[in-house]
Amino acid sequence: MGQALRSLTPYLLQRACVEFSNPTRRRGSKLNAALGGSFGFLVGSPRSAISWSYRSYALEEADTLSGTRAMEPQRDSFKNVMTMNTTSILRLLPFLARAAVAAAAESPKKIVLILAEDLGSTDITLRAKTSLYVIRFIQAVTIAILSFLLTRETHAEAPKLNVLMICIDDLNDWTAFLGGHPDAVTPHMDGLAKRGRNFTNAHCTVPVCSPSRVSVMSGVAATTHGSYELGPKYEVLPALSDVPTIQRYFKDNGYYTLSGGKVLHHGFNGRLAGDIDRTLGRRKSPTPPKPLNRPAHWSRAWDWGAYPENNAEMAEFQLAKNAAEALQQDFEKPFFMSVGFFRPHVPLYVPPTWFNLYDADSFTLPRNPKSDLDDLPKNFLGINDYAVAPTHAEVVKHGKQRSLTRAYLASISFVDHCVGIVLSALKSSPHADNTLIVLWSDHGFHLGEKQHWAKRTLWEESTRVPLLCAGPGIKAGKACSEPASLLDIYPTLVELCKLPVNPHLEGLSLVPQLNDPTTPRDRPAITSSYFGNHSIRNRDWRLIVYDDGAEELYDHRNDPHEFNNLANDPTHKAIRNQLARWLPREAAPEFKAKSERSRVRPK
Ligand SMILES: [Ca+2]
Ligand SMILES: [Ca+2]
């Protein structure tokens, strides 16, 4: 057997086991034991002129609600793969085994393995280049091939890519590369977007700091880890007791981990303390001795203004410098560096330079017609209100809308500057050509849209986030408007760095969209806020279903601001039902004992 296949086999086997041992899969597809179940194996003819390519084969669950057993690979997951029907497989078994060896000897990219549970009854539909076949695997056949493969030795893999992960707190789509605000000045992030993949339809799993970050770092959805509100630490959630953070996972697979600033909301503490080999610091920026702008009864967090005088006093700036310095060093192992910037999280204090980018009287305010609320379900305020943030009425009453909005824009430009420091350090470092960069924000932010401030809603302003990927193998330029979730970061990086599959991950690798941004994706981005409320966002639509059954439906093709709720329009029943199929059916209950909703707004 070829060396290449020897090195690939354990990886592919592990990867496939994962798919079917994942307990969150709704139809209960469980692997009996790591290798005690049954598997399918698919290879193509080495004699054919077809050029094979192994690609992410994330299996989408089709027909979840219809109860069929069909499993459908994500469209375009397989390109140029030759498939064969049942009879052929049976007849060609000895040939297939030889074909695998021959193909592997030629190139590891010429092998595809599909492993399926319960093969006597599972159909797998593969999209082939020229035709489509349904393949029914037979248990005995597949186990035979599997045994054949398992008797082979493993082989060391090629050197790994480094990872630079930059996360930003509370940054919505007000960046030039997402076009969320016409005046936003974000040249450094724009540059990154241009030289990599800009996911323009990316969304968080929960629109608030801690659960969103827990999802990114664990690769597990809120509906499994059970945190839908601000609060629980990663390490206290029972569902994550044996789930490694992405940093830990990379570390366990030979990486040196560095982290600084706000990455996990509560930091890497308790059993996570060892996940990080070297800290880049987690300082706080200075706060002025007295509030600068907020009305006296507002939360202390909700203040803003030009302070301090210089960038050098800001925690983000110091962190950027620390990261820049670390990037100049040589490391014995590949590194995974996470850098978390706190602005534009409130309080919105940044040096005056950044305020000066926005003329106080002339920059654009978001469109927020009051009539927009007329078609919302009656309960929308009960779900979305949060006593710590001011209401839009309060902001307007105190005449603060313009100065508060300006401080948010200034904070974005300041953070963009810090991102620029890190990116330019990487560019001039020895790691410039072998480091993947991923930049994301934990959720969006309202500045008066739908008469709302801050986060926690299931509307576009709250769920949409910047998500950029760049680096070796990622072609520059084109944006991707297919839905993406922050949950997808972990499996994407695992695949790009050729790490073994982590069986806990619930996101889908974005590698198909990194290879080709037009690759369609069936799975929408799913966001949950407070227990029982969910949003389903695909390329063109958003459906929101609240815990009391109330709904909203928006057509983003002609209503990007989600002004026009179509939930009660019978014309759109079909799309509504199509989206509703993705609603989580067995969401884990909220872990936190006392809801944030019990807070009382100060008078
Ligand atoms: Ca946040
Ligand atoms: Ca409306």
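Is Arg-456 buried or exposed? Arg-456 is buried, with 24 other C-beta atoms within 10 Å. A residue counts as buried if 20 or more other C-beta atoms lie within 10 Å of its own, as exposed if 12 or fewer do, and as partly exposed in between; C-beta atoms are placed from the backbone.

This is a predicted model: local features need pLDDT of at least 70, side-chain atom pairs count only at pLDDT 80 or more, and totals for chains, interfaces and linings use all residues. Residues are numbered from 1 along each chain as its sequence is written, and chains are lettered from A and ligands numbered from 1 in the order in which they are written.

**Overview**

- The protein has 17 helices and 23 strands. Helices (H or I, at least four residues) and strands (E, at least two) are DSSP runs, numbered from the N terminus.
- Of its 603 residues, 49% count as buried.
- Take the contacts in the protein with a separation of 6 or more: residues 24 or more positions apart account for 72% of them. Two residues are in contact if their C-beta atoms, placed from the backbone, lie within 7 Å.

**The nonpolar core**

- The largest nonpolar core holds 127 residues. Such a core is a set of buried Ala, Val, Leu, Ile, Met, Phe, Trp, Tyr and Cys residues joined through C-beta atoms within 7 Å.
- Ala-323, Val-422 and Val-438 touch the most other members.
- Helix H13 gives the most to this core, with 14 residues.
- Beyond its neighbours within four places in sequence, Val-422 is in contact with Ile-166, Ala-320, Ala-323, Ala-324 and Val-339.

**Helices**

- Helix H5 (residues 187-194) packs against helix H13 (residues 401-427) at an angle of about 55°, with the axes 7 Å apart. Axes are lines fitted to C-alpha atoms, for helices over the stretch in contact, and angles run from 0 to 180 degrees between N-to-C directions.
- H5 and H13 are therefore oblique to each other. Angles under 35 degrees count as roughly parallel, over 145 as roughly antiparallel, 65 to 115 as roughly perpendicular, and the rest as oblique.
- H5 brings Pro-187, His-188, Met-189 and Leu-192 to the contact, while H13 brings Asp-416, His-417, Val-419, Gly-420 and Leu-423.
- Helix H15 (residues 489-496) has 7 of its 8 residues buried, so it is largely enclosed by the rest of the structure.
- The buried residues of H15 pack against strand S5 (162-168), helix H6 (209-218), helix H8 (246-252), strand S13 (435-441) and helix H16 (511-515).

**Strands and sheets**

- Strand S17 (residues 467-470) is covered on both faces: Leu-467 and Cys-469 are buried on one side, and Leu-468 and Ala-470 on the other.
- S13 pairs with S17 in the antiparallel sense over 4 bridges. Two strands pair if DSSP finds at least two bridges between them.
- Val-438 has Cys-469 in S17 as its bridge partner.
- Strand S6 (residues 197-199) also pairs with S17 in the antiparallel sense, over 2 bridges. Here Asn-198 stands opposite Leu-468.
- Elsewhere, 3 strands form an open sheet with mixed pairing, in the order S16-S7-S19.
- Strands S16 (464-465) and S19 (484-485) stand at the edges with a single partner strand each, so one side of each is left without a neighbour in the sheet.
- Strand S7 (residues 202-203) and S19 pair in the parallel sense over 2 bridges. His-203 stands opposite Ser-485 in S19.

**Backbone details in loops**

- Arg-456 is found in the loop between strand S15 (453-454) and helix H14 (460-463). Its phi is near 80°, a positive value in a residue other than glycine.
- Asp-170 has a positive phi of about 65° and is not a glycine. Its place is in the loop between S5 and H5. Asp-170 is buried, with 25 other C-beta atoms within 10 Å.
- The peptide bond from Tyr-307 to Pro-308 is cis, with omega near -10°. Pro-308 lies in the loop between strand S10 (304-306) and helix H9 (315-327).
- Val-346 and Pro-347 are joined by a cis peptide bond, with omega about 0°.

- Glu-596 and Gly-231 are 365 residues apart in sequence and 9.1 Å apart in space, C-alpha to C-alpha.
- Glu-596 counts as partly exposed, with 16 C-beta neighbours inside 10 Å.
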